[in-house]
Amino acid sequence: MRRTLLILLLLLPSLLYAQQESAPAAPPAPTPGNPAAAGAKIPPRSRPRIGVALEGGGAMGLAHIGVLKWFEEHHIPVDYVAGTSMGGLVGGFYATGMNPDEMQTLIEGLDWRKILGDRTPYEDLSYRRKEDQRAYPNSLLFGLRHGLSAPAGLIAGHQIGLLIDRVTLPYYGVSSFDEMPVPFRCVATDLVSRKSHVFADGSLALALRATMSIPGAFAPVHDGKAVFVDGGLLDNLPTDVVRQMGAEIVIAVHLETAPPEGENIQSAFTVLDQSLHVMLEESELRSLTQADAVVSVPLQEYHTVDYAKSEQIMQLGYEAANSRARLLEAFALGDADWEAYLETRKARKRTEVPVPQFIKIEGASANGEAIAARYLKSFQGKPLDTSKLDAVLTRMTGVGRYDSAGYILTQQNGQTGLLVQVVEKNDAPPMFQPAFEVDGSQSGNVDFTMGTRFTFMDVAGYRSEWRTDILFGNTYGAQMELYCPFTAESRWFFAPRADASDTTFQIYAKNDPLADYRIYRINIGGDLGYGFGRFSELRFGYEVGSLNTKLRLGTPQIPAVEGRVGRARLHYLLDFTDDPVIPRRGVSVESNFRWTDHSPGTSESFPSMDLKIGHNLWQRQHGNSPVLSWLAFAPQRLRAERIPGQSVLLVPRGLYTRFAHASAVRWQEGVRRGGLRGRQNVRRDHRQQSSERRCCRIPG
């Protein structure tokens, strides 16, 4: 016992010395030589870094805007954000410094039908593509480059791409997405490597476009050897990505959808859709286990395409965050800290867009670049007007060569320039466009004609086109034209053409059939013309051929004719309308002047002319009911008619006038082919039969 006590007494000084050495040093006393010491404080422990993962879900992903709005109102900082698909798009816009109110205003001002339809507006099509739509007014278009094939996606993504380009334009120079006001990541799936790809740097616009490329719906994004589609295939709720970014607290925003009803899973499409949902939900469950907090938005009554209900969806996101207020408010900052957080985020926000000193086009051929440069030249050396640029790029897609066109800023030789990136169609040209026509205007008689148009480009030089129409059914026939500009950029062109047809032509007395004729035509000719941009064209040409009519059934009602046809034609068309079938605005003018020097049934030459002038305007009357006002001097294209004397005046949907010499029966050309129009029949009124001459319009 004494020995133990002696040992402790001997060790006591050493223990006291060691304790003194290990104790933290006291702050130095304030002295005149060290004034900073007077205000020195031990820094408090920093707050945990908070990251938010946003789930993909189409229109339902707009709920993320409501969640972020609640976060900002309650001073909950977001230090990192990552998302997939629509979650990636919302997260990317938020990362650029847009606040939720700005995003909501942007979303509510979008025309989602235009964005998701992604069709080039009729008024933005080139003149040749407008001709296609007037003849075949539908959106069915198939490529023949690799055999008969459909495009890689139903939506090329041009319109949504322009939106992304516009928002992300100031961030063209970031070396890493960590430099943005809120550090950002988004996830896509690489079909080549068959793995998830996390975008952390590079083009922000490309990253956002890739993460939302739903397979089959949107065309995939090609970047080098990689082919990116929607990241939701493998990681629809990227909580793991947020954790890897450095977040200590991970908040997952989950979109709850309604379980499917068994009786609704019937077709192959619904089976594939639900199979995809099974894979997504399995991935989402794994991601939810990695989150520290979850905000679940109840969206059982909504679907991925309910963009028209964006306001309700965003409100549900806000309410879902509010339902988790007790948990989330533990991460809230005080007023002073919140203001400091906003100032830090604001300091990293970019808003200025430098004036482009040069224009560069990428993805087009040499001739295509030269023509595009001519249209884009006006943007060089001036502050960039993105709305005008969007309009020009949309018109470029109207030529029929490109799926989409976008833009970013780039650096070259110390200068900032505008880089326009076009994406050529992967399946066309050549192009195949089908259509059909059903005419049930006569009781007990329905006519059906199936038509198709083949278009081959650059067969005789850049911008040349070989166009072939083939018809089956009530009319059997073929028509070919080779459109050849003098040079790649010339407005002058020549167009040799030929056609042959065999058409049924019926004559009725009211609804009683009197005669059924077959009309055989063969023509060959050519035109010299000048194109006035995408709205109008002038042609002068001559054609020769033969016309033969034969009575198949009934009693003769018109003289049978057979012989040579020869005529010159001057044709002018101006089309400022917005639709080829039912225009709602704009004006149109079409005029044909023909001088016929040979025609069966007459031995003398004669002129003929028709003129159509149309004005279209949507007017609002009787509250919100739209009324279409149409005023036109127009040839009636929906039926064949008789011409009493020298002219006729009809009022079908406007005013019709035709001027022609009527000393003999002549077959006039006029019924439109291959689209929604066409009717080959003539009604007889026995009370006026003896006093009227008839001019029957038949398909050309």
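Is Arg194 buried or exposed?

Modeller: Arg194 counts as exposed because its relative accessible area is 73%. The cut-offs are these: buried is under 20% relative accessible area, exposed is over 50%, and partly exposed is in between, with a 1.4 Å probe and protein chains only. This is a predicted model, in which local features need pLDDT of at least 70 and side-chain atom pairs count only at pLDDT 80 or more, while totals for chains, interfaces and linings use all residues. Residues are numbered from 1 along each chain as its sequence is written, and side-chain values use heavy atoms, without hydrogens or water.

Arg194 lies in the loop between β4 (184-190) and β5 (195-199). Helices and strands here are DSSP runs (H or I, at least four residues, for helices; E, at least two, for strands), numbered from the N terminus. The backbone is worth a look too. Arg194 is not a glycine, yet its phi is positive, about 60°.

Arg463 is another non-glycine with a positive phi, about 80°. This residue sits in the loop between β14 (445-457) and β15 (465-473). Arg463 is partly exposed because its relative accessible area is 25%.

Now step back to the whole protein. Its secondary structure comes to 15 helices and 28 strands. Of its 700 residues, 49% count as buried. Take the contacts (heavy atoms within 4.5 Å) between residues at least 6 apart in sequence: 67% of them join residues at least 24 apart.

Two residues show such pairings in detail. Ile251 belongs to strand β8 (residues 249-256). Ile251 is buried because its relative accessibility is 0%. Val295 is 44 residues away along the chain, and the two C-alpha atoms are separated by 7.4 Å. Beyond neighbours within four places in sequence, Ile251 also touches Ile50, Gly51, Val52, Ala53, Phe71, Ala293, Leu328 and Phe331, among its contacts.

Leu299 is in the loop between β9 (293-298) and α11 (310-323). Its relative accessibility is 0%, so Leu299 is buried. Met60 is 239 residues from Leu299 in sequence, but 7.1 Å away in space, C-alpha to C-alpha. Setting aside neighbours within four places, the contacts of Leu299 are Met60, Ala63, Leu255, Glu256, Thr257, Ile313 and Leu316.

After α2 comes His75, with a positive phi near 60°.

Next, the helix pair α7 (158-168) and α8 (residues 204-211). They pack at about 145°, with axes 9 Å apart. Axes are lines fitted to C-alpha atoms, for helices over the stretch in contact, and angles run from 0 to 180 degrees between N-to-C directions. The crossing is right-handed. A crossing is left-handed if the near helix is turned anticlockwise from the far one by less than a right angle, and right-handed if clockwise. On the α7 side the contact uses Ile160, Ile164, Asp165 and Thr168; on the α8 side, Leu204, Ala205, Leu208 and Arg209. By class, that contact has 5 nonpolar, 1 polar and 2 charged residues. Nonpolar covers Ala, Val, Leu, Ile, Met, Phe, Trp, Tyr, Cys and Pro; charged covers Asp, Glu, Lys and Arg; the others, Gly among them, are polar.

α7 also meets helix α15. The buried residues of α15 pack against α7, α14 (366-376), β11 (402-412) and β12 (415-424). Those buried residues are Thr386, Leu389, Asp390, Val392, Leu393, Thr394, Met396 and Thr397. The length of α15 (residues 386-397) checks out: at 1.5 Å a residue, its 12 residues should span 16 Å, and its end C-alpha atoms are 17 Å apart, which agrees. The expected span is 1.5 Å times one less than the number of residues.

The Ala428 to Pro429 peptide bond is cis, with omega near -10°. The bond joining Pro429 and Pro430 is also cis, with omega about 0°.

Last, the cysteines. A disulfide is a pair of cysteine sulfur atoms within 2.5 Å. By this rule the count is 0. Cys186 is buried because its relative accessibility is 0%. Cys484 is buried too, because its relative accessible area is 4%.
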